[in-house]
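Here are a few exercises to work through with the model open beside you. Try each task before you read its solution.

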Amino acid sequence: MSATHELTVEALRQKITTGEIDNVIVALTDMQGRLAGKRCSARYFLEEVLGHGAEACNYLLAVDVDQNTVSGYEISSWERGYGDFMLVPDLATLRMVPWQDRAAMVQCDIAWLDGTPVRVSPRQVLTAQTDRLAERGLVAMVGTELEFIAFDTSYEDAWASGYRDLVPANQYNVDYSLLGVNRAEPLLGAIRRGMEGAGLFVESVKGECNLGQHEIAFRYADALTTCDNHVVYKNGAKEIAASLGKSLTFMSKFNEREGNSCHIHISLRSGEGEAVLAGDRAHGFSPMMESFIAGQLALVRELTLLLAPNINSYKRYADGSFAPTAVAWGLDNRTCALRIVGHGPSLRLENRVPGGDVNPYLAVAALIAAGLYGIDHGLELEPLFAGNAYASDKPRVPASLAEAAQLLRGSAAAAEAFGDDVVAHYVRAAEVELEAFGKAVTDWERFRGFERM
């Protein structure tokens with residue numbers, strides 16, 4: 001990966017010697033796209049973890065959102081004894097964590113105790129696809145645009161209230177409003193400065209449509225670096241909000257207003273850095289770009305589970321909401337699932353399907369796999385869609401987690417790209433969520449049924 005964090009092992013040693021750092025967070029990314037791991041003393045990190053890694057229970061990749069152990073996973077179960085796997089630090093990810101006290105962080109790959117990779121680990125799912133690109137002399141450049149809704153209510157008070165009657169950071173639509181962004185600047189500024197201190201390149205901040213909704217944009221990078229930065233930002237933004245007595249959510253659909261999106265921009269370059277999707281065909285495309293988009297169209301429905309992993313994800317997909325419902329591509333057309341933007345070296349595809357709850361490693365892996373499917377099969381690109389795709393007869397984005405899981409389970413292309421083990425693992429994750437939701441009694445049911453049924 002490309003190192004952007006500029007904290008070398010030698011610099012880390014110096015900061016530990018001077019007392020500037022006294023603990024190092026050793027982190028993995030779990031199935032839900034969350035950071036997990038250990039906070040190690042600086043001395044222990046240097047003496048043990050740096051050379052040998054750190055152990056963690058393998059149930060971390062086989063639990064639900066509440067960390068409950070569940071059956072049906074091949075890699076981890078009561079029958080297998082819930083043993084350990086290894087967290088193997090990727091030293092290119094060493095970074096300061098300036099919003100914490102004297103802390104640094106390193107992100108890890110996950111290996112079994114014999115050194116073989118844990119293939120279902122999100123980071124390994126992505127690197128398997130970037131390796132396929134590398135075999136063809138290609139590199140994916142990626143940017144993720146992650147939205148959140150901020151509240152002046154603390155996480156503790158939000159929990160105690162059952163997440164009702166929260167006070168949003170803005171009381172009206174502040175899309176592109178400088179006044180609205182400035183109202184939330186104490187929080188947004190703290191996040192910006194924290195992320196810069198952690199090695200991320202902040203581009204801009206803007207208000208969005210929902211009450212208290214904002215987006216902080218970061219500079220694109222190679223696929224793995226962007227996904228590593230994405231999860232650090234998401235975790236850090238919550239920690240910074242909590243330190244200020246506030247809260248924020250990346251839920252795809254917090255309420256009936258606009259949801260939180262995570263549009264993903266992707267382009268391909270040669271090993272020498274040449275932009276290979278631009279060319280002299282229609283719209284300034286190269287033949288590779290045409291096949292790349294065609295692959296997305298061919299597989300987006302089958303791979304939607306990797307873009308939209310939760311029950312709540314599918315409530316974003318509403319006509320006229322700026323969230324996509326139609327599997328179509330267009331030039332700078334926000335009604336399509338696939339929007340093409342830029343020109344020449346900046347030409348890129350924007351996939352508008354993911355929401356703020358996405359696991360970026362899985363989503364970017366899906367985009368790469370779909371693009372390679374189109375390139376390897378020489379797929380021809382259908383004509384662009386012009387107009388309102390919401391009103392079109394194009395195929396639709398899956399309407400539910402159950403539908404998306406069924407599509408991934410039956411996808412021969414997904415099995416070939418990822419392996420049967422990876423497909424089965426994430427289909428099982430969807431089943432776990434569906435089983436839990438099927439047993440839950442919601443507020444909606446109580447309000448409708450308590451007296452009137």
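**Exercise 1: a serine in a loop**

In this predicted model, Ser 411 has a relative accessibility of 3%, so it counts as buried. Your task: find where Ser 411 lies and which side chain it joins in a polar contact of 2.5 Å.

*Solution.* Start with the location: Ser 411 sits in the loop between α11 (401-409) and α12 (412-418). Next, look at its side chain. A polar contact of 2.5 Å links it to the side chain of Glu 302.

**Exercise 2: checking the cysteines**

Work out how many disulfides the model has.

*Solution.* The cut-off is a pair of cysteine sulfur atoms within 2.5 Å. By that rule, the count is zero. Take Cys 209: its nearest cysteine sulfur belongs to Cys 262 and is 17 Å away, and Cys 209 is in no disulfide. Now try Cys 227: the closest cysteine sulfur, again in Cys 262, is 9.0 Å away, so it's too far for a bond. Finally, check burial, which means under 20% relative accessible area. Cys 209 has 15%, so it's buried, and Cys 227, at 0%, is buried too.

**Exercise 3: touring a pocket**

Describe the lining of the second largest pocket: which residues lie nearest its centre, and which strand supplies the largest share?

*Solution.* First, the volume of this pocket is about 870 Å³. Its lining has 44 residues, with Glu 145, His 263, His 265, Arg 339 and Glu 350 nearest the centre. Then sort the lining by type: 16 nonpolar, eleven polar and 17 charged. As for strands, β7 gives the largest share, six residues. Strands that each supply at least two include β8 (202-207) and β12 (262-270).

Conventions:
Residues are numbered from 1 along each chain as its sequence is written. This is a predicted model: local features need pLDDT of at least 70, side-chain atom pairs count only at pLDDT 80 or more; totals for chains, interfaces and linings use all residues. Side-chain values use heavy atoms; hydrogens and water are left out. On a 1 Å grid over the protein atoms alone, a cavity is a set of points where a 1.4 Å probe fits but cannot get out, and a pocket is an open set with protein on both sides within 12 Å along at least five of seven lines; lining residues have an atom within 4 Å of a point. Grid points are joined across faces, edges and corners, and a volume is the space filled by probe spheres set on the points. Helices (H or I, at least four residues) and strands (E, at least two) are DSSP runs, numbered from the N terminus. Ala, Val, Leu, Ile, Met, Phe, Trp, Tyr, Cys and Pro count as nonpolar, Asp, Glu, Lys and Arg as charged, and the others, Gly among them, as polar. Buried means under 20% relative accessible area, exposed over 50%, partly exposed in between (1.4 Å probe, protein chains only). A polar contact is a pair of N or O atoms within 3.5 Å; within protein, one must be able to donate a hydrogen and the other to accept it, and residues adjacent in sequence count only if both atoms are side-chain atoms.
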